[in-house]
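Please examine the sequence together with the three-dimensional structure shown here. The paragraphs that follow lead from the strands to individual residues and side chains.

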Amino acid sequence: MKRWYGEHVLPHLIEWSCRPDDVAAHRQRVVPFAAGQVLEIGVGTGLNLGFYNTDTVDRLWGVEPSDAMRSRATARGVEVGLEVEWIGRSGEQVPLGDAAVDTVVSTYTLCSIPDWDAALTEIRRVLAPDGVFVFCEHGAAPDEAVQRWQRRLNPMWRACAGGCNLDRPILAGLERNGFEIEWADQEYRGRPRCASFTTLGLAGR
């Protein structure tokens, strides 16, 4: 049942929840920074693909565990003229060598990786010394009242939303794993506030 839900229901749910204009606007702010050899962690249904600058992206590797989402993303890549080369299914184990990519992109993905510290370690490992980590993630809100609701709702939310967590502290997680924040912006992108506090920006090794 869990596998059926993940392949037949969850892709539609994620597509619906990640397509609003405010989410697209955040993607549009950061994804065009990707250039050179690019790795996207958690491609999902390919909602980022239309925001890449095909003049600056030489190659796009993709990590995505769901076959259903891979299929949707592949079709979307054909539409926008950008091929995704699928190389792995887990952000915690990326089958690329050290310093292999110029840019790593993660949007609305770190929330759902079981061991996100391991994923961030892998991202930092495969990123070139002068490379850029492009991120846009929802997570722990700065307001204590909202945080309390995030903690209360998180177990149920995680069970229904493919392992997504509401309360991960994004910037603290990046800094804990050795990243240097080059630029970051944080805001509530709408309601419900417990699921909409967004952190986006760029980080280096």
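Strands β2 and β3 run parallel and are joined by 3 bridges; within this pairing, Val63 stands opposite Gly88 in β3. Strands here are DSSP runs of E with at least two residues, helices are runs of H or I with at least four residues, and both are numbered from the N terminus. Two strands count as paired if DSSP finds at least two bridges between them. The model is a predicted one, in which local features need pLDDT of at least 70 and side-chain atom pairs count only at pLDDT 80 or more, while totals for chains, interfaces and linings use all residues. Residues are numbered from 1 along each chain as its sequence is written, and side-chain values use heavy atoms, with hydrogens and water left out.

The two strands belong to an open sheet of 7 strands with mixed pairing, in the order β3-β2-β1-β4-β5-β7-β6. The edges are formed by β3 (85-88) and β6, and each has a single partner strand, so one side of each is left without a neighbour in the sheet. Neighbouring strands of the sheet are turned by 20° against each other on average, direction ignored; for such angles, axes are lines fitted to C-alpha atoms (for helices over the stretch in contact), and angles run from 0 to 180 degrees between N-to-C directions. Strands of a sheet pair through backbone hydrogen bonds, either parallel or antiparallel.

Strand β2 (residues 57-63) is mostly covered, with 5 of its 7 residues buried. The term buried means under 20% relative accessible area, exposed means over 50%, and partly exposed lies in between, with a 1.4 Å probe and protein chains only. On the β1 side, 6 bridges join β1 to β2, and the two strands run parallel; here the bridge partner of Gln37 is Arg59 in β2. Strand β1 is also joined to β4 (residues 101-107) by 3 bridges, again in the parallel sense, and Val38 stands opposite Thr103 in β4.

What surrounds Gly36, leaving aside its neighbours within four places in sequence? Gly36 lies in strand β1 and, at 10% relative accessibility, counts as buried. Apart from those sequence neighbours, Gly36 is in contact (heavy atoms within 4.5 Å) with Thr56, Val57, Asp58, Arg59 and Asp102. The C-alpha atoms of Gly36 and Thr103 are 7.0 Å apart in space, although the two residues are 67 residues apart in sequence.

Further along the sheet, strand β5 (residues 127-138) is joined to β7 by 6 bridges, and these strands run antiparallel. His138 stands opposite Thr198 in β7. Strands β6 and β7 also pair in the antiparallel sense, over 8 bridges, and the bridge partner of Gln186 in β7 is Thr199. As 8 of the 8 residues of β7 (residues 197-204) are buried, the strand is largely enclosed by the rest of the structure. In a regular strand the side chains alternate between the two faces of the sheet. In β7, Phe197, Thr199, Gly201 and Ala203 point one way and Thr198, Leu200, Leu202 and Gly204 the other, and all are buried.

The aromatic side chains come next. Rings of Phe, Tyr and Trp (its six-membered ring) pair if their centres lie within 6.5 Å; planes under 30 degrees apart count as stacked, over 60 as edge-to-face and the rest as tilted. A search of the whole structure finds 4 such aromatic pairs. In one of them, the rings of Phe33 and Trp183 have centres 6.4 Å apart and planes at 45°, so this pair is tilted. Phe33 lies in the loop between α2 (21-30) and β1 (36-41) and Trp183 in strand β6 (residues 180-188), so the pair ties together parts that are 150 residues apart in sequence. Phe33 counts as partly exposed at 45% relative accessibility, and Trp183 counts as partly exposed at 31%. Phe133 and Phe135 form another tilted pair, 5.8 Å centre to centre with 40° between the planes.

Cys111 is buried, with a relative accessible area of 4%.
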